[in-house]
Amino acid sequence: MGLLSRTVQSVARQREWSRRHFWGWLNAVFNKVDHERIKAVGPDRAAAEWLLRCGAKVRFEGFDRWHHDYNGLPTGPLGRYKIQAIDATESCIMQRGFDYLDGLKYVEEIKLNKCIYIEDICLERLSSVENLQASLYMMEVVSCGNVTDKGIIALHKLRNLEYLFLSDLPGIKDKEMTVERLQRALPRLDISLDLD
């Protein structure tokens with residue numbers, strides 16, 4: 001009886017690993033950057049397609065509503081719709097797709113809530129995008145378990161960042177030092193914390 005039980009448990013573990021591996025592979029495919037598509041439809045449309053494919057939402061400049069349906073993205077002349085806000089709550093965006101952010105010039109707000117693939121390298125990459133350094137003024141990082149002090153400190157490059165909300169980030173070990181370093185680099189930054 002014990003051998004049968006161990007065999008069933010082993011098969012169940014393998015099946016679970018296969019399922020996780022499949023979803024990880026599929027999410028990596030969704031994040032693959034298509035540089036030809038960026039050239040063909042422009043950076044904002046291509047980034048919107050990437051974000052929605054990964055389960056995020058976007059809001060375009062001049063609109064109040066969030067777009068979450070890939071097939072419902074507005075059409076029009078190249079460059080007509082500019083992404084103003086990104087809500088990546090529970091999406092599968094990962095660093096591999098962050099090249100889509102390079103051409104975005106009007107993004108003012110980014111929410112990274114419960115994003116399992118967001119880690120320090122993602123925040124470092126996001127902070128190195130020159131257009132975002134100039135345009136981004138509001139950001140949330142909530143329940144992203146792979147983010148540490150290093151990733152949050154990297155946000156100091158976002159020179160126009162005015163508001164940052166941080167919550168449920170178990171990887172942050174020294175919140176006082178992290179906040180101090182950000183405040184020193186960005187004196188106008190208002191940081192709200194819920195890290196206990």
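**View 1. Asn113 faces Val142 across two strands.** Asn113 stands opposite Val142 in E4. Welcome to a predicted model, in which local features need pLDDT of at least 70, side-chain atom pairs count only at pLDDT 80 or more, and totals for chains, interfaces and linings use all residues. Residues are numbered from 1 along each chain as its sequence is written, and side-chain values use heavy atoms, with hydrogens and water left out. Five bridges hold the parallel pairing of strand E3 (residues 109-113) with strand E4 (residues 138-142). Strands are DSSP runs (E, at least two residues), numbered from the N terminus, and two of them pair if DSSP finds at least two bridges between them.

**View 2. Strand E2 and its two partners.** Let's look at E2 (residues 83-87): five of its five residues are buried, so this strand is largely enclosed by the rest of the structure. Buried means under 20% relative accessible area, with a 1.4 Å probe and protein chains only. E1 and E2 run antiparallel, joined by four bridges, and Val58 stands opposite Ile86 in E2. E2 and E3 run parallel, joined by three bridges; here Asp87 has Lys111 in E3 as its bridge partner.

**View 3. The whole sheet, from E1 to E6.** Six strands form an open sheet with mixed pairing, in the order E1-E2-E3-E4-E5-E6. Its edges are strand E1 (57-60) and strand E6 (190-194), each pairing on one side only. On average, neighbouring strands of this sheet are turned by 10 degrees against each other, direction ignored; the angles, on a scale from 0 to 180 degrees, lie between N-to-C directions of axes fitted to C-alpha atoms.

How values were computed:
Buried means under 20% relative accessible area, exposed over 50%, partly exposed in between (1.4 Å probe, protein chains only).
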